[in-house]
Amino acid sequence: MQVTSLSLEAFKEMDYWAVEKYNLSIELMMENAGLQLARLVAKKASEKSVITIGVGNGNNGGGGLVAARRLAAWGFKVNLDLAVPITKDLPKAQLERALFFGAKEGIPEKTDIWVDAYLGFFQRLPLSEAFTSKIEKANASTAFKISLDIPVGISQKGELLGFKADQVMTLAAPKVILENLPDRVGVFVADLGIPKKVYDHFNMEMPNFKEHQLIIL
């Protein structure tokens, strides 16, 4: 077996297996994703860095909100760019927690690090204007840009048609869609908490998370 890249469809099946067969809740995986994202952002940030985290109304947005809460708890200045109203139960609860911990709503005049947690692997092209307007603003900024799992607006060929990420933190396993990203883009794979038996079921070697929770690809 080897650590192979997964199609988005294969990853959806793997994610489903973890939830259904091993009772790994969406909320727990959201917490794991958000913590790893916060750690990656913190590696790039200084004490004075202004961080903007863009979120949507799904699980990827929820992971971004967990990261916002963590970063705010560590003393960073965190702003939330809410692309759409947050109405689903889990992201809504994460938004309330992030705000309580000190994150602020709205895009500041200047952002040092812009995090794309707008949409996850369920995104469909073309994107709605609610997201394209946010992406245009992010891309026009001088901020260092980090995407959670896959960049919003990425094409099936791995072209960065949307958010122009400098780094991508993908979850649980490498993704085929990320293989054609420009060489300048740093790609990391983060531990989502999926057990080794799930990787074995899909005939994949589990990334060496016991040594490194965040692995550079």
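Reader: What makes up the lining of the largest pocket, by class?

Author: The lining has twelve nonpolar, seven polar and four charged residues. Nonpolar means Ala, Val, Leu, Ile, Met, Phe, Trp, Tyr, Cys or Pro, charged means Asp, Glu, Lys or Arg, and the others, Gly among them, are polar. The model is predicted, with local features needing pLDDT of at least 70 and side-chain atom pairs 80 or more, while totals for chains, interfaces and linings use all residues. Residues are numbered from 1 along each chain as its sequence is written, and side-chain values use heavy atoms, without hydrogens or water.

Reader: Why is it called a pocket, and which residues lie nearest its centre?

Author: A pocket is an open set of points, on a 1 Å grid over the protein atoms alone, where a 1.4 Å probe fits, with protein on both sides within 12 Å along at least five of seven lines; a lining residue has an atom within 4 Å of a point. By that rule 23 residues line this one, with G58, N59, N60, F121 and F122 nearest the centre. Two or more lining residues come from each of α1 (8-22), α2 (26-44) and α3 (59-73), and α2 gives the most, four. The volume, the space filled by probe spheres set on points joined across faces, edges and corners, is about 490 Å³.

Reader: How do you know that β1 and β2 pair?

Author: Strands (E, at least two residues) and helices (H or I, at least four) are DSSP runs numbered from the N terminus. Two strands pair if DSSP finds at least two bridges. Six join β1 to β2, so the pair qualifies. I53 stands opposite L80 in β2.

Reader: What makes the crossover between these two strands right-handed?

Author: With the strands pointing away from the viewer, the path over the helix runs clockwise. The chain goes from β1 through α3 to β2 in this right-handed way, and from β2 through α4 (89-100) to β3 likewise.

Reader: Which other strand is joined to β1?

Author: β4 (113-117) runs parallel to β1 (50-55), with five bridges, and G54 stands opposite D116.

Reader: Why do β3 and β8 count as edges?

Author: The open sheet has the order β3-β2-β1-β4-β5-β6-β7-β8, with mixed pairing. β3 (104-105) and β8 (214-216) each have a single partner strand, so one side of each lacks a neighbour in the sheet.
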